[in-house]
Amino acid sequence: MNLTMRGRLGLMMFLEYFIWGGWYVTFTTWLSQTLHFSGTQAGVAAGATAIGAMVSPFFVGLVADRFFATQRLLALLHGLGGVVLYLASRQTEFTPLYSLVLLYCLFYMPTMALTNSLAFRQMQDPQTQFGPIRVLGTAGWIVAGLLVGHLRIESTAVPMEIAAACSVLMGLYCLTLPHTPPLRMAEGTTGLASVFPLEAVKLLGERSMAVFAIASFLICIPLQFYYAFTNPFLNEIGVTNAAGKMTGGQISELLCMLLIPWFFRRLGVKYMLVAGMSAWTLRYLFFAYGNPDSRVWMLWAGILLHGICYDFFFVTGQIYIDRKASKALRAAAQGLITFLTYGAGMFVGSWISGAVVEHYAAGATTHNWPAIWLVPAVGAAVILLLFLVTFSERKKTMDATDGELAPQSAP
């Protein structure tokens, strides 16, 4: 893959995640502080991305991979999505706004898998070539946050308008990407079996995989508290340029990604996952007891823990699944876990987080934030304890040839 192709794919990733980071981080701040929506309404609206994540595997597996060239489908989804997101930014009532945001998420969420798929199809060695290209997506998210924070538009609809314009631009850019025709599906592979094959579902029959899947689902419930309500929290307590400061989480994510191999060799799968869940508990305790004055370091620590929270649990989990499943089932197994986490887990989390925030509302725009953050802190701690006593890694993997369980060396 030549340098020009790397640049084209890198720009694709940058725009892809600039769009999401541009509107989503400050979305609930606009809903709660400007439109005065309730905590439940804000949480449910933020959870529209989870519904998109649940639908995405079926759309990509049953439709996109069969009938459409990837770059053209990306152009269509981003173009339509930009129009819908702009229309959503003009709404002030909950029902039409939520309906449009939900529709937008159904357009956008499949594009994350499609951009990955298009990039992989252009690579000779994805294991070494994908990382440096995908990291530009994180850079796009960071730049979006810095821009929104610098312009001081966090409680307005302008971030959505910027993201909408960028989405239309992305749609046009996708038409210039390399032609990537649909892959021919294997004969007899139809219906839901082409998305989540039975063999991939059967992996959950092994105790360690079942415990991991359940823990992944549960930990995404407190996770949604961070994604949906950190920016409103920081703005409400008087932190300036909150969106810009929150990009510290993505910067720490990049640094922790570099450290994962070192920690993996020393801790193994179980205690890498434990470290990730422990960081969630610690982060929420920092948020509960931090303030923008003498204890501002707690707020910074809570943000910077994002690298450990995300990488040590989710990236380690992806590595774990890759080791447990046969080569033929890895994509399906990853898709199944993504459905359980970013889909079902965060959908449930959006309802619970919204209800908790509304319960502890002290006025139209003020909340008892210490009490709010203690809820996900306790929840993450309970999940951590259950995981510690129930998870026992069986160092086995599915053999790619005959489907039998075969021994695997320790990490």
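The legends below describe close-up views of a predicted model.

**Figure 1. Overview of the protein chain.**
The predicted chain contains 15 helices and two strands. Of its 411 residues, 54% are buried. Among contacts with a separation of 6 or more, 83% join residues 24 or more positions apart.

**Figure 2. Helix H2 and its cover.**
Helix H2 spans residues 27-34, and six of its eight residues are buried, so this helix is largely enclosed by the rest of the structure. The buried positions are Phe-27, Thr-28, Thr-29, Trp-30, Leu-31 and Ser-32. Their cover includes helices H1 (3-24), H3 (39-46), H5 (70-89), H6 (94-121), H8 (158-174) and H10 (207-236). Just after H2, His-36 adopts a positive phi of about 60 degrees.

**Figure 3. Helix H3.**
Helix H3 is mostly covered, with six of its eight residues buried. These are Gly-39, Ala-42, Gly-43, Val-44, Ala-45 and Ala-46. Two of the buried residues of H3, Ala-45 and Ala-46, are also in contact with Phe-27. H3 is itself among the helices that cover the buried residues of H2.

**Figure 4. The largest nonpolar core, seen around Phe-27.**
The largest nonpolar core has 125 residues. The residues with the most contacts inside this core are Met-12, Trp-20, Trp-23, Phe-27, Leu-31, Val-101 and Trp-373. Helix H11 gives the most to the core, with 16 residues. Apart from neighbours within four places in sequence, Phe-27 is in contact with Ala-45, Ala-46, Leu-97, Val-101 and Met-160. Phe-27 and Leu-31 are also among the buried residues of H2. In soluble globular proteins, nonpolar side chains tend to be buried together.

**Figure 5. Salt bridge between Arg-90 and Glu-161.**
The structure holds two salt bridges, and one of them joins the side chains of Arg-90 and Glu-161, with an N to O distance of 2.5 Å. Arg-90 is in the loop between H5 and H6, whereas Glu-161 is in helix H8, so the pair ties together parts that are 71 residues apart in sequence. Glu-161 is partly exposed, at a relative accessible area of 24%.

**Figure 6. Salt bridge between Lys-324 and Glu-206.**
In this salt bridge, the closest N and O atoms of Lys-324 and Glu-206 are 2.7 Å apart. The pair links distant parts of the chain: Lys-324 belongs to helix H13 (residues 306-324), and Glu-206 to the loop between helix H9 (198-202) and H10, 118 residues apart. Lys-324 is buried, with a relative accessible area of 2%. Glu-206 also counts as buried, at 14% relative accessibility.

**Figure 7. Glu-253, a buried acidic residue without a salt bridge.**
Glu-253 lies in helix H11, which runs over residues 242-289. Side chains of opposite charge can pair when their charged atoms come close. Glu-253 is buried but has no salt bridge, and Arg-134, the nearest side chain of opposite charge, is 5.6 Å away. The cut-off for a salt bridge is a nitrogen to oxygen distance within 4 Å. Once neighbours within four places in sequence are left aside, the contacts of Glu-253 are Thr-138, His-306, Gly-307, Tyr-310 and Asp-311.

**Figure 8. A nonpolar patch on the surface.**
Leu-267, Tyr-271, Leu-385, Leu-388 and Val-389 form a nonpolar surface patch, and their accessible area together is about 470 Å². Helices H11 and H15 (369-390) each supply at least two residues of the patch. H15 gives the most, with three residues. Val-389 is placed in helix H15 and counts as exposed, with 64% relative accessibility.

**Figure 9. Leu-73 and Cys-174.**
Leu-73 is found in helix H5, one of the helices that cover the buried residues of H2. Leu-73 is buried, at a relative accessible area of 6%.

Notes. Residues numbered from 1 in each chain as written. Predicted model: local features only at pLDDT ≥ 70, side-chain atom pairs only at ≥ 80, totals over all residues. Heavy atoms only, no water. Helix = DSSP H or I, 4+ residues; strand = E, 2+ residues; numbered from the N terminus. Buried < 20%, exposed > 50% of the residue type's maximum accessible area, 1.4 Å probe, protein only. Lys, Arg positive; Asp, Glu negative; His and termini not counted. Contact = heavy atoms within 4.5 Å. Patch = residues over 30% accessible without salt bridge, like charges linked within 9 Å, V, L, I, M, F, W, Y side chains within 5 Å. Areas by Shrake-Rupley, 256 points an atom, 1.4 Å probe, with all protein chains shown as cover. Core = buried A, V, L, I, M, F, W, Y, C linked by side-chain atoms within 4.5 Å.
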